Amino acid sequence: MSSQVPSPYGSSNGGANLADILERVLDKGVVIAGDIRINLLDIELLTIKLRLIVASVERAEEMGIDWWRDDPTLSSGARRRELAQENERLRERIAALEGEQESREEIT
């Protein structure tokens, strides 16, 4: 007679498969934080702060994390906004330069 330890993940076979674990992690989210400091004779030479959050996109948005929306390398919408802003700045600069040129021509 073998005794089975109850699974914390509620699977019927006594073990949790990777998909079940991943689903729970993404649903709830996991935060891992740590600091690495390198000191020499009580002088801090280097500090590295590590923060890792593993969660689904929906869960991250619930937590107020949405940095990927404004990152042009990850979001086509952010890239379009960035290009539109750059385009507007260039148009303003061209208009200013043309205004200066017209002013110089009127003086001469």
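Guide: Helices (H or I, at least four residues) and strands (E, at least two) are DSSP runs, numbered from the N terminus. The model discussed here is predicted.

Visitor: Which strands each supply at least two residues of the nonpolar patch?
Guide: The patch lies on the surface, and its members include Ile36, Ile38, Ile48 and Leu50. One of them, Ile36, lies in strand β1. The strands that each supply at least two residues are β1 and β2.

Visitor: Which element gives the most to the nonpolar patch?
Guide: Strand β2 covers residues 43-54, and the patch includes Ile43, Leu45, Leu46, Ile48 and Leu50. With five residues, the element that gives the most is β2.

Visitor: How much accessible area do the residues of the nonpolar patch have together?
Guide: Residues in such a patch need over 30% relative accessible area and no salt bridge. Ile36, at 40% relative accessibility, counts as partly exposed. Together with Ile38, Leu40, Leu41, Ile43, Leu45, Leu46, Ile48 and Leu50, Ile36 forms a surface patch whose accessible area is about 850 Å².

Visitor: How many salt bridges does the structure hold?
Guide: Arg51 pairs with Asp35, Arg59 with Glu62, and Arg79 with Glu82. The number of salt bridges in the structure is three.

Visitor: How many residues apart in sequence are the parts that Arg51 and Asp35 tie together?
Guide: The side chains of Arg51 and Asp35 meet in a salt bridge of 3.1 Å, N to O. Asp35 lies in strand β1 (residues 30-40) and Arg51 in strand β2 (residues 43-54), so the pair ties together parts whose separation in sequence is 16 residues.

Visitor: Is Arg51 buried or exposed?
Guide: Asp35, its partner in the salt bridge, counts as partly exposed at 40% relative accessibility. The cut-off for exposed is over 50%. Arg51 has 52% relative accessibility and therefore counts as exposed.

Visitor: Which helix holds both Arg59 and Glu62?
Guide: The closest N and O atoms of this salt bridge are 2.9 Å apart. Arg59 counts as partly exposed at 29% relative accessibility, whereas Glu62 is exposed at 60%. The two residues are three apart, about one turn of the helix, and both lie in α2.

Visitor: What is the N to O distance in the salt bridge of Arg79 and Glu82?
Guide: Both residues lie in helix α3 (residues 76-107), three residues apart, about one turn of the helix. Arg79 counts as partly exposed at 37% relative accessibility, and Glu82 counts as partly exposed at 32%. Their side chains meet with an N to O distance of 2.5 Å.

Key
Residues are numbered from 1 along each chain as its sequence is written. This is a predicted model: local features need pLDDT of at least 70, side-chain atom pairs count only at pLDDT 80 or more; totals for chains, interfaces and linings use all residues. Side-chain values use heavy atoms; hydrogens and water are left out. A salt bridge is a side-chain nitrogen of Lys or Arg within 4 Å of a carboxyl oxygen of Asp or Glu. Buried means under 20% relative accessible area, exposed over 50%, partly exposed in between (1.4 Å probe, protein chains only). Patches are made of residues with over 30% relative accessible area and no salt bridge: like charges are joined within 9 Å, nonpolar side chains (Val, Leu, Ile, Met, Phe, Trp, Tyr) within 5 Å. Accessible areas come from the Shrake-Rupley method with a 1.4 Å probe; for residues, only the protein chains shown count as cover.
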